[in-house]
Amino acid sequence: MTLAGVSTHLRILRDADLVKERREGQRRLYSLNTEATLEIKNFYDQMWSNNLNSLKEFVENKKRKQGKRK
Amino acid sequence: MISTNDRAIRKIVVIDAPPDMVFKAISDEKELIEWFPDLAVLEPRIGGKVKFTFHNENSENQDRDHSPEGEVLEFVPNQKISYTWEHKDIAGFPQTIVTWQLEQIGNDKTKVELVHSGFIGAENEMYDEHREGWNYYLDRLIEHFNSKLEAKR
């Protein structure tokens with residue numbers, strides 16, 4: 001792998017927030033971002049809360065409509 | 001009851017409808033898009049393909065649609081469905097698993113238990129995987145510089 005290849009790899013990891021970048025003069029220092037997975041988990045926690053409410057609403061409305069037809 | 005640990009999200013909701021109606025809503029492609037993703041693929045068998053696409057509401061960012069995908073691990077009509085959930089476009093996204101378990105309670109009600117597991121944190125697998133990756137690239141980098149230095153001599 002070339003140096004440019006390493007840079008590209010690091011940039012992808014940084015854009016995905018899996019590493020943190022810090023500049024020191026001409027150098028860029030990279031470290032692992034251990035909070036990334038936690039952020040992903042928090043995102044899904046919120047998403048599932050919202051969507052379980054949507055699921056409940058959807059199914060209960062559907063049942064109500066079917067009940068009326070009977 | 002599905003076993004969990006602190007790396008899993010666990011939610012329970014009680015729906016006033018029988019399990020077969022709930023199961024259809026969480027497994028049928030046409031019903032899924034009524035309450036969940038904008039586009040849904042869910043092949044109803046073990047090993048079947050799963051792909052949900054969520055359009056970004058911010059129209060400037062249409063290229064940033066959110067499309068988790070995976071494979072069906074368990075499919076028990078009216079009781080249980082489980083599938084893997086990954087993001088191939090996000091480097092290092094952990095391999096997670098979504099499990100739905102339904103249980104009829106009382107007359108015509110369903111207890112829905114959702115577990116989204118596999119959010120492996122920094123302490124173990126995900127970290128180790130990346131650490132191996134880092135060692136590999138760092139070795140390559142050192143090699144690269146050593147060969148440059150040798151060339152100069």
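This report covers the sheet, the core, the loops and the confidence of a predicted model.

## Model and conventions

Local features are given here only where pLDDT is at least 70, and side-chain atom pairs count only at pLDDT 80 or more, whereas totals for chains, interfaces and linings use all residues. Residues are numbered from 1 along each chain as its sequence is written, while chains are lettered from A and ligands numbered from 1 in the order in which they are written.

The predictor assigns the complex an ipTM of 0.71 and a pTM of 0.68. Chain B has an average pLDDT of 79, and 69% of the residues score at least 70. pLDDT is the predictor's confidence in each residue, from 0 to 100.

## Chain A

Chain A holds two helices and two strands. Their order from the N terminus is α-β-β-α. Helices (H or I, at least four residues) and strands (E, at least two) are DSSP runs, numbered from the N terminus.

Of the 70 residues in chain A, 14% are buried. A residue is buried if 20 or more other C-beta atoms lie within 10 Å of its own, exposed if 12 or fewer, and partly exposed in between; C-beta atoms are placed from the backbone.

## The sheet of chain B

Seven strands of chain B make an open sheet. Their order is E1-E7-E6-E5-E4-E3-E2, with antiparallel pairing. Two strands pair if DSSP finds at least two bridges between them. Strand E1 (9-15) and strand E2 (39-42) of chain B are the edges, each pairing on one side only. From one strand to the next, the twist averages 20°.

E1(B) and E7(B) are joined by seven bridges; Ile12(B) has Glu113(B) in E7(B) as its bridge partner. Nine bridges link E6(B) and E7(B), where Trp100(B) stands opposite Leu114(B). At the other end, E2(B) pairs with strand E3 (residues 49-53) of chain B over four bridges. There, Leu39(B) faces Thr53(B) in E3(B).

## Helix and core

Helix H1 (residues 19-27) of chain B packs on the sheet. H1(B) touches E1, E2, strand E5 (80-85), strand E6 (96-105) and strand E7 (109-117) of chain B. Its direction makes about 160° with that of E6(B). Axes are lines fitted to C-alpha atoms, for helices over the stretch in contact, and angles run from 0 to 180 degrees between N-to-C directions.

The largest nonpolar core has 21 residues. Such a core is a set of buried Ala, Val, Leu, Ile, Met, Phe, Trp, Tyr and Cys residues joined through C-beta atoms within 7 Å. Val59(A), Val22(B), Ala25(B) and Val112(B) touch the most other members. Helix H2 (36-69) of chain A and H1, E5, E6 and E7 of chain B each give two or more residues. H1(B) gives the most, with four.

Beyond four places in sequence, Val22(B) contacts Val59(A), Ile15(B), Ala17(B), Leu102(B), Thr110(B) and Val112(B). Residues are in contact if their C-beta atoms, placed from the backbone, lie within 7 Å.

## Turns with positive phi

E6(B) and E7(B) form a hairpin with three residues between them. In the turn, Gly106(B) has a positive phi of about 60°. Asp108(B), in the loop between E6 and E7 of chain B, has a positive phi of about 75° although it is not a glycine. Asp108(B) counts as partly exposed because it has 13 C-beta neighbours inside 10 Å.

Asn78(B) lies in the loop between strand E4 (69-76) and E5 of chain B. Its phi is positive, near 65°. With 16 other C-beta atoms within 10 Å, Asn78(B) is partly exposed.

Residues 1-5 of chain B have pLDDT below 50, with seven contacts beyond near neighbours in sequence. Over residues 122-128 of chain B, pLDDT stays under 50. The model has 10 contacts for residues 122-128 of chain B beyond four places in sequence.

Terms used:
Two residues are in contact if their C-beta atoms, placed from the backbone, lie within 7 Å.
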